[in-house]
Amino acid sequence: MGQFLEAATIALQAIWTNKLRSLLTVLGNVVAVTSIIAVVSLVQGLNASVTDAIQSEFAADSFSVRRRGLTQTDEENQRAESNPRVTAEDARAIREFSGDVRLVMAEANTGAQVKYRSDALDSVGVRGVSKEYNDLPSTQIERGRPITASEFDAGRQVAVIGWGVADRLFSVLEPLDKTITVAGVHFRVVGVAPKKGSIFGESQDEYIVIPLAAFQRLFGIRQSLALTVLPVSSARMEQTMDDARVALRVERRLRPSEPDNFGILSSNTFLDLYRTATTGIFTVLIGVVSLSLVVGGIVIMNIMLMVVSERTREIGLRKSLGARRRDILWQILTESITLSTFGGLCGTALGFFTAWVISQVSPLPAIIEPWSIALGISVTAFVGLFFGLYPAMRAARLDPIEALRRE
């Protein structure tokens, strides 16, 4: 430990004495670690935001049946365009076919102007939902009450509004029991949903929820529905998805050779797709960072060779006084590791600063992961060890008599 501290102190003194040379020496490591920290912080922040967005779109442990599924080719896209709309009959077929179905919630969506007195909000998301909406685990009411089953059955003109609509339309006023107009039709506010925040700068709180029957009276019944299916347990998710597919194929009288004319999506579908994309980004990042580290390591090796040449007489003197080969080897290696790790520490600080600046000036969030710090510092320490090995071995093999003759 004493030898390590002594060698580390010598390395830090050399860094301080030759600031510009040290900075240029570790520049490759600084760039590589800055890239690692900044990209990991931004990707982790992006992962959290995308996961929240997907899980808020799909209720936990549920899946969705829609007119279109995920398409990857032009042929699939064109075929999906001709899919029949999803109807209440499809919901009934799924509900009756499988004993693993806990509930099926039907939903229709559109955008409309929402007004309270003279204040108006344009293009607010209007969600017409069936009464099973109240039984979804993701449904929450912050103030007031949910829409009751009788109000759903009767298609009453009542609404639960998102936190953003309440804030922008009513400000300090209490929105409960106030009457708003949706596309010119009066609705009474009975509840306010809790705040969800924004994702990529887009508010998740500007929407209103009304009974599906009221929605269809207002906007027509020809719109395709989205069905949220909740299995009796998460363990039955895959079986319930298979049952729903069979139920819909039977309901739509599809022959075995015909493809599905509907889409079944779950949060895992989108999360798997997203993770595949980010895995590709990480693969490219590893290649770029590895190249920077190799370049940085070669620069460190050249500098350490120069250091060995400059300190040949000092090394010869130490060996003549009894220093062993491994003492010289350990000293040069420690200096190389310290120099390289110094670059890693600088890169870590710059990486966090870069991620913070990007998150402040753009919608991209950033999350600092402790493992990325450990990874950056560990990798640069290994680079110092690997590329410092040759100069250290060269110094250790110096003949003390020949070394003392060097000028």
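**Close-up 1. Here is L20, a residue of helix α2.** Helices here are DSSP runs of H or I with at least four residues, strands are runs of E with at least two, and both are numbered from the N terminus. The model is predicted, so local features need pLDDT of at least 70 and side-chain atom pairs 80 or more, while totals for chains, interfaces and linings use all residues. Residues count from 1 along each chain as its sequence is written, and side-chain values use heavy atoms, leaving out hydrogens and water. L20 is exposed, at 60% relative accessible area (exposed is over 50%, with a 1.4 Å probe and protein chains only).

Close-up 2. Helix α2 (19-25) and helix α3 (27-57) each supply at least two residues, with α2 giving the most, 3.

**Close-up 3. Strand β1 (residues 63-66) runs antiparallel to β11 (residues 226-231), joined by 3 bridges.** Pairing takes at least two DSSP bridges between two strands. β1 also pairs with β12 (residues 263-266), again in the antiparallel sense, over 4 bridges. Look for V65: opposite V65 stand L227 in β11 and I264 in β12.

Technical notes
Buried < 20%, exposed > 50% of the residue type's maximum accessible area, 1.4 Å probe, protein only.
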